Amino acid sequence: MPTVHLLDYVAGNVRSLVNAINKVGYDVEWIRSPDDLKNADKLILPGVGHFGHCLSQLSEGGYLEPIKQHIEAGKPFMGVCVGLQALFEGSEEDPHVPGLGVVPMRMQKFNADTKSVPHIGWNSAMQTKCHSSSYQTFYGLNPSSKYYYVHSYAALYTPSVLEERGWSVATATYGEQEFIGAIARDNIFATQFHPEKSGHAGLGTLRAFLNGDQFQSLAKDLPSLQRHNNGLTRRIIACLDVRTNDAGDLVVTKGDQYDVREKTGLDAGGQVRNLGKPVDMAKKYYEQGADEVTFLNITSFRNCPLADTPMLEILRRTSETVFVPLTIGGGIKETVDTDGTHVSALDVATMYFKSGADKVSIGSDAVIAAEQFYKAGEKLSGQTAIETISQAYGNQAVVVSVDPKRVYVDRPEDTDHHTIKTAHTNAAGQSFCWYQCTIKGGRETRDVDVRQLAIAVEAMGAGEILLNCIDKDGSNSGFDLELINDVKAAVKIPVIASSGAGVPEHFAQVFEHTATDAALGAGMFHRGEFTVDEVKGYLSSRGFLVRSFETEI
């Protein structure tokens, strides 16, 4: 296969980018030293996380000047996410670290007053200027397609500033802010979005860059789609609870209030509910249009060496055919390996990132960390899993999964915890409740409420909250809208609604009545009652903007 050179400065999930490059017909050669850049023709600089960390790593490694020389020589260069940001003069994220200065602008942080930050999800890449009477796009970007973004800092768009200097520009809108989603000029192409995580649309942009197809003609009426199709879509996430069954096979399962063993039918007698194979089911949901796939490992694999953890192989195999973000939860914590070696939570997370994960989800350890945070007077220790992983990989790589349950009281004064007045009274007629956090799969309650937890983990550096609800789990009665609104009001980071979805209407309800950023389904998909594309079709019919699955480009 033809070759492209990849410069990895050790940040985030590079495996998926390699898989995507292989998918479109190219092989990867790694840049191991600055001298290797002399032999590179096509060069890709990927990146996630912190602008200052990226540029500092490149500077310390001696790569900045060779990268500039590669670009100045007219050789093809592509930057992805922070790889795009590196081309700019600098960023508010680290004002003292200069960028490459190829693009005469600086990155700014999104305004979090009216929207969640980080900006996470599927958004547009709309070209700002046509090149002729027929509509031409650069590197396969299409105004009818959506691309996956995950970032807190962006180049806010000012009309004509870059176009007058010969740049082709594609933008997206988040809230009221229009920002640069992709730029191109001569031999340079860079995307704020992740093409390797943007399904077939993203693969199309990679293929176009690698094949040198800079401009392509599209239908004349496509620019009208910019007004209709622009903006962030509603994310639908498919979640797979993975564990070993009694025969030792790794299966996808689902329970009622976290009990995954059969109670009725031929398998009654306590057998683990087996709904399918993880890799096959993840691919199925990808092909149905799932915007993300989440694996929650509910088996600890205590007697297995970390390097041989079955979830690593699941991620490796899934990332070969599934080109949307993958999240892995379960076991992301400080631990001792089977040979007695101490392994930090950061090291465990790194293993998952190298195997194909884009995010890690932290559960019980987040509750313990929140308790310690308040015990220390709301001071950060710098040593928690959330802090160490987000500092290394960026907060967008850390999800906190929380499992709260309702505790009813007669009056708010009857508890020290934050309460809500609920429309759903209990059998005793009590109309106030607070949400108690649990650990160990809901088996143990803790003296911390969900609002306290959300505030604490946001301070530690979590980028998203996966908000489950024990009372709703397996009920097929819809999401707990009161819980979601309560947590959303407490934090600026995105919140994923989880637990209770049984029909497509439940997704419409949660997007209509809460400000949630995404919604997650499990059992209704696993049992084949509804497909992801059926849910999206229903949402579209109700006027919600969703991403349509695209066939191979």
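I began with Gly79, whose bridge partner in β14 is Ala190. β4 and strand β14 (residues 188–191) are paired in the parallel sense, over four bridges. For the record, strands (E, at least two residues) and helices (H or I, at least four) are DSSP runs, numbered from the N terminus, and two strands pair if DSSP finds at least two bridges between them.

Before going on, I noted that this is a predicted model, where local features need pLDDT of at least 70, side-chain atom pairs count only at pLDDT 80 or more, and totals for chains, interfaces and linings use all residues. Residues are numbered from 1 along each chain as its sequence is written, and side-chain values use heavy atoms, with hydrogens and water left out.

Next I checked the link to β3: strand β3 (residues 43–45) runs parallel to β4, joined by three bridges. Leu45 has Gly79 as its bridge partner in β4.

Then I asked myself: are the residues on the two faces of β4 buried or exposed? Phe77 and Gly79 on one side, and Met78 and Val80 on the other, are all buried (under 20% relative accessible area; exposed is over 50%, partly exposed in between; 1.4 Å probe, protein chains only).

Stepping back, I read the open sheet of eight strands in the order β2-β1-β3-β4-β14-β13-β12-β8, with mixed pairing. Its edge strands are β2 (27–30) and β8 (126–127), each pairing on one side only.

Strand β1 (residues 3–6) runs parallel to β2 through four bridges, and Val4 finds its β2 bridge partner in Val28.
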